[in-house]
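Here are a few friendly notes to read alongside the structure. Take them one at a time, and keep the 3D view open as you go.

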Amino acid sequence: IYMVTLGGEGFLYRLDTETGAWTVVRSMDNRDATGLFHDPEARRLLIPMGPMLQIQSLDSGVVEEVPIEVANFAGLTDLFDPGNRPAPPLRILAAAGDTLLLLAVSQYIFPDTPDLGAAYRMWSYDLATGDARLLAYGS
């Protein structure tokens, strides 16, 4: 089991389920993660951090940083006001090789239509090419 803390330096931890012992895997270097996804088939952790994704190999410990271009995500800017608010976090729902299933949900209810609720967008995302394909949406 892995866990990441927010605020301050932040740390990535691992829990040994047999002994109950927690281990510090590494510092997050004052960068807040917006999620954590364990991909057991590829033996990696995927850690979204705003406009960037950290990929940590569970075998070697090597951390790769992959930029995420907001402009590649059709409909993402419908969920927030780019001039006044940050983009909602991209949540990883599934991974298969280099393809991720990502979800973003608006962080606020539209003031002029309070019964509208939160809007969402879902994409498939190719880590190798940076291509994002809109799969589903709701408002």
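Predicted model: local features only at pLDDT ≥ 70, side-chain atom pairs only at ≥ 80, totals over all residues.

1. Among the 139 residues of the protein chain, 35% count as buried. Along its principal axes, the C-alpha trace spans about 50 × 30 × 25 Å.

2. Now look for the secondary structure. You will find 11 strands and zero helices in the protein chain. As for contacts with a separation of 6 or more, 30% of them involve residues 24 or more positions apart.

3. Four strands make an open sheet in the order β4-β5-β6-β7, and their pairing is antiparallel. The edges are held by β4 (37-39) and β7 (63-67); each has a single partner strand, so one side of each lacks a neighbour in the sheet. On average, neighbouring strands of this sheet are turned by 20° against each other, direction ignored. As background, strands of a sheet pair through backbone hydrogen bonds, in a parallel or antiparallel way.

4. Three bridges join β4 to strand β5 (residues 44-48) in the antiparallel sense.

5. Then turn to the aromatic rings. A pair of such rings is described by the distance of the centres and the angle of the planes. This structure holds four aromatic pairs. One of them joins phenylalanine 73 and tryptophan 123 edge-to-face, with 5.1 Å centre to centre and 90° between the planes. Phenylalanine 73 sits in the loop between β7 and β8 (91-96), while tryptophan 123 belongs to strand β10 (residues 120-126), so this pair ties together parts 50 residues apart in sequence. Phenylalanine 73 and tryptophan 123 are both buried.

6. Phenylalanine 73 has another ring to meet. Its ring centre is 5.3 Å from that of tyrosine 125 and the planes are at 20°, so this pair is stacked. Here too distant parts of the chain are linked, since tyrosine 125 is in strand β10, 52 residues apart from phenylalanine 73. Tyrosine 125 is buried, as is phenylalanine 73.

7. Finally, look for Phe11, Tyr13 and Trp22, which form one aromatic cluster.

Terms used. Residues numbered from 1 in each chain as written. Heavy atoms only, no water. Pairing = 2+ DSSP bridges. Helix = DSSP H or I, 4+ residues; strand = E, 2+ residues; numbered from the N terminus. Axes fitted to C-alpha atoms, helices over the stretch in contact; angles between N-to-C directions. Phe/Tyr/Trp six-rings, centres within 6.5 Å; stacked < 30°, edge-to-face > 60°. Buried < 20%, exposed > 50% of the residue type's maximum accessible area, 1.4 Å probe, protein only. Contact = heavy atoms within 4.5 Å.
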